[in-house]
Protein chains: 2
Amino acid sequence: MAIKKQRAARRTDALSKERIVEAAIEILDAGGEGALTFRALAAHLATGSGAIYWHVADKDDLLAAATDGVVARVVTDMTDGARPREAIRALALGLFDAIDAHPWVGTQLSRAPWLAALPQIFEGFGSRLEELGVPGSAQFDATSTLVIHVLGVAGQNAANARLHAHRTDRTAFLGSIADQWAQLDPAQYPFVRRVAAQLPVHDDREQFLAGIDLILDGIAALRQKPTPRP
Amino acid sequence: MAIKKQRAARRTDALSKERIVEAAIEILDAGGEGALTFRALAAHLATGSGAIYWHVADKDDLLAAATDGVVARVVTDMTDGARPREAIRALALGLFDAIDAHPWVGTQLSRAPWLAALPQIFEGFGSRLEELGVPGSAQFDATSTLVIHVLGVAGQNAANARLHAHRTDRTAFLGSIADQWAQLDPAQYPFVRRVAAQLPVHDDREQFLAGIDLILDGIAALRQKPTPRP
DNA sequence: ACCTGAACACCGTTCAAGT
DNA sequence: ACCTGAACACCGTTCAAGT
C-alpha cells in the first residue's frame, strides 16, 4: 500500500515575535542554554525553522529579546518609594534572583553589553544615586560600578549553573574546589588557603549583597571628598 | 598521468599541549574567538584535528589553558613591595590591560569561574587586603567584590570587542548608542538621558579604576565598623 | 604512544517552493 | 505576507587505520 507523505497541518494561530520569544524562554528555562536550537524551537512551535527567521533576525536577536523580557519584568515590579539605599539594594537583589532563576539571562547580560535591558538597569541605580546626593560628576562611574557588579555576578552564576547541570550538588562541588585550594603551596597562596574553608558554606546571595554594600559605602565616602584622588 | 595522493609529511617536532596552547593563543589574538576551530588549529600546526585531542580534552580545556597562560603572566610580572592599595590598583590595571589586549581572555574569565587562573587573582587581591588591616571576617567578601569587578568588566570589554570587530570606530559606535539613550522617554529615563553625553567620551580604563577605588573606599570604611549592618 | 583524516552528529542560516 | 522543510556551510568530536 502506498504511504502518502502528509504535509504537517498548518497551525491556526499565527506566529509572532512575541510567541517565539515566549517559547524560547520556556525552552531555556526547562533545558538550559544548550537546549535552545532553531530546530527545537520550530518543533515546539509546530513550524519550520525558516519561519522563525521571518520574525527574528538571528539567534542573538532572539536571546536579546528573551533577556530584555525577563529584566523588564524585574525593573517594572520594583516598588517605588523606599529610601534610595534600600531601593538600590532591592533592585540589585531582584536582578540577582531573576538571574538565579534563569541562569541563561546571566550569560546574556555578561556577554551582550548594549542590550535594550541596560538603560533600565542604569536608570534604576543612577536615579537613586542622584537622590543619595552623589555629585553629578561621579554619578556615571558610580552607577557603572553597581551595574558591573550585577553583570559580573550574573556571568559567574550562569557559569556555575552550567557546571551544576550535571546533578552535582552545590556544596559537594564547591567542596572539591576548596580541597584544591587548600592544597596549594602555602608560600605562594597563604590567603587562598585560609579562605578555602569558607567556599563551600558561603551564601552567594549574601556575598553579592555584601559587594553592593561595599560599593555603596565607597560611594558614601565620595560625598565627603568631591575632588577625586590624583 | 596518475596523480598520487601524497600523505602530508609528518612534522619533525612533536606535538605537545604547550605548543598547541601557544598556537591557539596566536590564532585567538589574530582572528578573535570565532577564528579558533580545531580545523584551523590543525592546519596551523600541520597536523590532523584528531591529533589535538591526544593532548587536550576538549575545546573548553584548550581555552582554559590559554587563559591561564595569559593571566599567569600578568600576576607573575607584578612587582612586589608597593604599598597594598597601590599594589591592588596595579594588579587590577594589569589584568585590565591584558584583557584589553586579548579580548577572548575576558570572555573566558567571565564565563568560566573556577579557572586555574582564579586562585592567582584571589591571592593577589586578598593578601593585600590583609595588609590593609581588613578584618578576617570581611576579607572573603571584599576580595570577591574586587575579583567580580575585574571579571565583570572583562566580560563587557570582550563583548564590546566582538562588536568592534566589524571596523566601526569606538567613538562613533558609542555615539550611536548615546543617541538612542538620549531619545528615551524623559519621564522614565531622566538619569540615562543625562548620562548619555558622557558615553562616547568616557575612558573605559579610568572608569574601571574608579570602580576599584570606590570598592577600596568602601573597604576602608569597613575598618571603622567591624559589625556588618543588620 | 602518537598521529592522520574521513566520518558522524549536530548546528545556524538560507532559499526555492508552497499557500 | 507568511510559512515549509530540504539544503548548505560550517562546527566539535570520534575512531579505524596508520607509523
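How many residue pairs are in polar contact between chain B and chain A (both at pLDDT 80 or more)? I looked this up and got 19. A polar contact here is a pair of N or O atoms within 3.5 Å; within protein, one must be able to donate a hydrogen and the other to accept it, and residues adjacent in sequence count only if both atoms are side-chain atoms.

**Ground rules.** I'm working with a predicted model, where local features need pLDDT of at least 70, side-chain atom pairs count only at pLDDT 80 or more, and totals for chains, interfaces and linings use all residues. Residues are numbered from 1 along each chain as its sequence is written, chains are lettered from A and ligands numbered from 1 in the order written, and side-chain values use heavy atoms, with hydrogens and water left out.

**The side of chain B that touches chain A.** I checked which helices (DSSP runs of H or I, at least four residues) supply at least two residues each, and found helix 5 (84-101), helix 6, helix 7 (117-132), helix 8 (136-164), helix 9 (170-182), helix 10 (190-196) and helix 11 (204-224) of chain B. Helix 8 of chain B gives the most, 18 residues. By type I get 31 nonpolar (Ala, Val, Leu, Ile, Met, Phe, Trp, Tyr, Cys and Pro), 19 polar (the others, Gly among them) and 12 charged (Asp, Glu, Lys and Arg).

**Both sides together.** The contact (heavy atoms within 4.5 Å) takes 62 residues from chain B and 62 from chain A. I noted about 5,100 Å² of buried area (accessible area, 1.4 Å probe, lost on putting the two parts together, summed over both), 65% of it on carbon and sulfur atoms. In chain B, B:W114, B:F140 and B:F191 lose the most area to chain A, together 16% of what that side buries.

**Salt bridges.** I looked for a side-chain nitrogen of Lys or Arg within 4 Å of a carboxyl oxygen of Asp or Glu. The side chains of B:E130 and A:R194 meet in a salt bridge at 3.2 Å, N to O. I also found A:D61 bridged to A:K17, with the closest N and O atoms 3.3 Å apart. That pair links distant parts of the chain, helix 4 (residues 59-77) and helix 1 (residues 17-31) of chain A, 44 residues apart.

Helix 8 (residues 136-164) of chain A packs on helix 6 (residues 103-111) of chain B at about 65 degrees, axes 7 Å apart. My axes are lines fitted to C-alpha atoms, for helices over the stretch in contact, and angles run from 0 to 180 degrees between N-to-C directions. The two helices are therefore roughly perpendicular (65 to 115 degrees). A:G155, A:Q156, A:A159 and A:R162 touch B:L109, B:S110 and B:R111.

Methods:
Parallel < 35°, antiparallel > 145°, perpendicular 65-115°, else oblique.
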